[in-house]
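Visitor: I'm new to reading protein structures, and I'd like a close look at one part of this one. Could you walk me through how a pair of packed helices is described?

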Amino acid sequence: MSETDIDPHLRTQAFARVLGPYIAIFTTVLAIRLPDMTTLIGDLFSDAANVWILAAVMLAGGLVIIGGHRNWRGPAAVTVSLFGWFVALRGLGLIATTSVVQDTVDAVTLEPGPLAAARGFFGLLALMGLWLTYVGWFSRSRPRSGAARPSR
């Protein structure tokens, strides 16, 4: 079976099934714990090897999403594809401009206004994750034209 034989909607649903819960859980915890994470973030940036490992994993993860999900039809597909680009570009930015990223993170976690904005952003990402979870696990698959609906 070639890549073109896989229904793009089913591919989007499969990515949403994995990314949705991950995004919902991770960003919810991050939004709640962000004010307490200054020590953890400081420790991360104090070891260049940790930063490079994190950046490499982010870049690779984003590229896996970009390469494996090339569908841009429909809101869920666009969301999955944009998330892949977001993660890959964040990984690249962390590799290329580590000090800028560190300064930005420090500014956000130390000031009340930017901290509230960051928590709001992570809250919106959590909602997006919940929606992708729904799309991945609970929405009905569309059958291909002329094909029977896949059984669950």
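Visitor: Here's what I'd like to know: are α1 and α3 roughly parallel or roughly antiparallel to each other?

Guide: Happy to take you through it, and keep in mind that this is a predicted model. Let's start with the general idea. Two packed helices are described by the angle between their axes and by the distance between those axes. Now for your pair. Helix α1 covers residues 8–33 and helix α3 covers residues 48–68. Their axes lie 11 Å apart, and the angle at which they pack is about 160°. Anything over 145 degrees counts as roughly antiparallel, so α1 and α3 are roughly antiparallel to each other.

Which residues do the touching? On the α1 side you'll find Arg11, Phe15 and Leu19, and on the α3 side they meet Val64, Ile65 and Gly68. Sorted by class, this contact of α1 with α3 is made of four nonpolar residues, one polar and one charged. Look at the numbering too: an α-helix has 3.6 residues a turn, so residues three or four places apart point the same way.

The chain has six helices and zero strands, giving the pattern α-α-α-α-α-α when you read along the sequence. It is 152 residues in length, and 34% of them count as buried.

You can check the length of α4 for yourself: it runs over residues 75–96, and at 1.5 Å a residue its 22 residues should span 32 Å. The C-alpha atoms at its ends are 31 Å apart, which agrees.

One last stop is Val101, which sits in helix α5 (residues 98–110). Val101 is partly exposed, with a relative accessible area of 25%. If you leave aside its neighbours within four places in sequence, Val101 is in contact with Phe45, Gly93 and Leu94. As for Phe45, it is 56 residues away from Val101 along the chain, yet their C-alpha atoms are separated by 9.6 Å.

Terms used
Residues numbered from 1 in each chain as written. Predicted model: local features only at pLDDT ≥ 70, side-chain atom pairs only at ≥ 80, totals over all residues. Heavy atoms only, no water. Axes fitted to C-alpha atoms, helices over the stretch in contact; angles between N-to-C directions. Helix = DSSP H or I, 4+ residues; strand = E, 2+ residues; numbered from the N terminus. Parallel < 35°, antiparallel > 145°, perpendicular 65-115°, else oblique. Contact = heavy atoms within 4.5 Å. Nonpolar A, V, L, I, M, F, W, Y, C, P; charged D, E, K, R; others polar. Buried < 20%, exposed > 50% of the residue type's maximum accessible area, 1.4 Å probe, protein only. Expected span 1.5 Å × (residues − 1).
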